Amino acid sequence: MVQTDPVMARKARWASLVGTSLESYDFYIYAYFAAFFVGPLFFDPLGGFGGTLAAFLSIALAFIIRPVGAIVFGHIGDRIGRRKTLIVTVTMMGVATGLIGVLPTYDQAGWFGAAILVILRLLQGISLGGEWGGAVLVATEHESGAKRAFAAAMPQLGSPIGSILSATAFIWLTLALTTDEIVEWAWRIPFWTAIPLLLVSLYLRLAITETPVFEDVVKRERRPKVPFLTLLAQQPFAIFIAVGVALLGIGSYSLMNTYTINYGVVQLGFAYYELLIATTVGGLLQLITIPLFGAWAMRIGSSSVVAWGALGTLLVAFPIYYFLQFANFGVLVAMMLIGGILPTMSWAALGGVYSELFDERYRYSALGFAYSIAAVVSGFVPAVTLTIGEATGNAWWHPAVVLAGLSVITLLATLQAGRMALRRAEPAYARSSQ
């Protein structure tokens, strides 16, 4: 049995949390930025709709490339180690984000700035492909038993922390400065803040050791030569199921934090800062609910928590967007909270489901690849929802259709994942009983 160190386990949870917070902050900074500023600043000749669509597709671009990062860094993580890989991924993300803040706009350099923006988005996507799975493994593989379900939830806190920090940055911009000042120069400031955050994250990740699970795999000479190919040979259907499990947790963030912000301002008449405040309040609540859902997963299992979250989201999807049509600011906050808490259940326990589903010999490759494929699909959520809205005359229910669809897929996939994890655990239980 693999021996774990409680002190190092705590350090690993913090290192994973801070690292995923930085990755999320960097990614959400761009998501908020894309909702209103990418189109006019970098794709101005494409017009209003074309510029907005190009901005949303630039979000999708980083998701599309993520499987490449997952395969590359998954191989490194399964062959060389979780810790070293995570140091590289977080550095790539922080540097790429900082460089976005120095890009020339279309007015300054024509299409040159847009071209470099695309390259930096590709680097961010490659980084993200290797980040999440490694962060979950560093947290869980330093723990033992049921505590792994709780540890798996801790990296998920990075998403609301990143959302809160990025939303706060743009709330400050919109309240303290004029739109002309933001467009002229101030939009760059949030991207520059990624550099000091990167230094903090590197300090924490350098302070932890390699996971006992990976060290055990190395000691017993069980590392596959090509982990990704071994994964495809031994658990191909599990990848498909894992993609479905993650869709709601990832896709709901794309829907709420990118599309709904743009939709709320352009179609429903809310002020931009009101939407940012609503999402920030939701993120603050997640700081409480994610650990609670992680603790709940220790009691009833990670798959059960994800499934309940998906079912609850399905039930509230249409009422949320219906009531938003008549909402004041208080109702807006309430709807965003309801629309955030239930998908958060599926998000909080996602890492626990993945860890139970895949073999530790190629687990880094498995987590990164399955999650990144789900992220590719989710990256198109804003663009697809925008297109559906355009085709339906922005009927009130068009975002609800997308949210409900994500919920159904995640619910069915999670029920299957729970059964597969139980079957996978049976041989290990039988061996320990002999």
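## The largest nonpolar core

The largest nonpolar core of this predicted model has 124 residues. A nonpolar core is a set of buried Ala, Val, Leu, Ile, Met, Phe, Trp, Tyr and Cys residues joined through side-chain atoms within 4.5 Å. Buried means under 20% relative accessible area (1.4 Å probe, protein chains only). Tyr-30, Phe-33, Phe-42, Phe-170, Val-245, Tyr-354 and Phe-358 touch the most other core members. Helix H1 (residues 6-42) gives the largest share, 17 residues. Helices here are DSSP runs (H or I, at least four residues), numbered from the N terminus.

Tyr-354 touches Trp-132, Ala-242, Val-243, Val-245, Ala-246, Leu-367, Ala-370 and Tyr-371, not counting residues up to four places away in sequence. Contact means heavy atoms within 4.5 Å. Another core, of five residues, lies apart; among them are Leu-22, Val-90, Leu-198 and Leu-202.

Helix H3 (residues 66-79) has 14 residues. From first C-alpha to last it reaches 19 Å, close to the 20 Å expected at 1.5 Å a residue. The expected span is 1.5 Å times one less than the number of residues. Its buried residues are Arg-66, Pro-67, Gly-69, Ala-70, Phe-73, Gly-74, Gly-77 and Asp-78. Gly-81 follows H3, with a positive phi near 145 degrees.

Phe-73 sits in H3. Its relative accessible area is 7%, so Phe-73 counts as buried. Leaving aside neighbours within four places in sequence, Phe-73 contacts Thr-85, Val-88, Thr-89, Met-92, Ile-126, Ser-127, Gly-130 and Tyr-364. Phe-73 and Thr-89 are 16 residues apart in sequence, and 8.1 Å apart C-alpha to C-alpha.

## Helix H8

Helix H8 (residues 158-176) has 19 residues. Its end C-alpha atoms are 27 Å apart, in agreement with the 27 Å it should span. The buried residues of H8 include Ile-164, Phe-170, Ile-171 and Leu-173.

## H13 against H19

The axes of helix H13 (residues 227-234) and helix H19 (residues 363-379) come within 9 Å and cross at roughly 75 degrees. H13 is therefore roughly perpendicular to H19, a term for angles of 65 to 115 degrees. Axes are lines fitted to C-alpha atoms over the stretch in contact, with angles from 0 to 180 degrees between N-to-C directions.

Pro-227, Phe-228 and Leu-231 of H13 meet Ser-365, Ala-366 and Phe-369 of H19. By class, the contact has five nonpolar, one polar and no charged residues.

## Basis

Residues are numbered from 1 along each chain as its sequence is written, and side-chain values use heavy atoms, without hydrogens and water. In this predicted model, local features need pLDDT of at least 70 and side-chain atom pairs count only at pLDDT 80 or more, while totals for chains, interfaces and linings use all residues.

Methods:
Helix = DSSP H or I, 4+ residues; strand = E, 2+ residues; numbered from the N terminus. Parallel < 35°, antiparallel > 145°, perpendicular 65-115°, else oblique. Nonpolar A, V, L, I, M, F, W, Y, C, P; charged D, E, K, R; others polar. Buried < 20%, exposed > 50% of the residue type's maximum accessible area, 1.4 Å probe, protein only.
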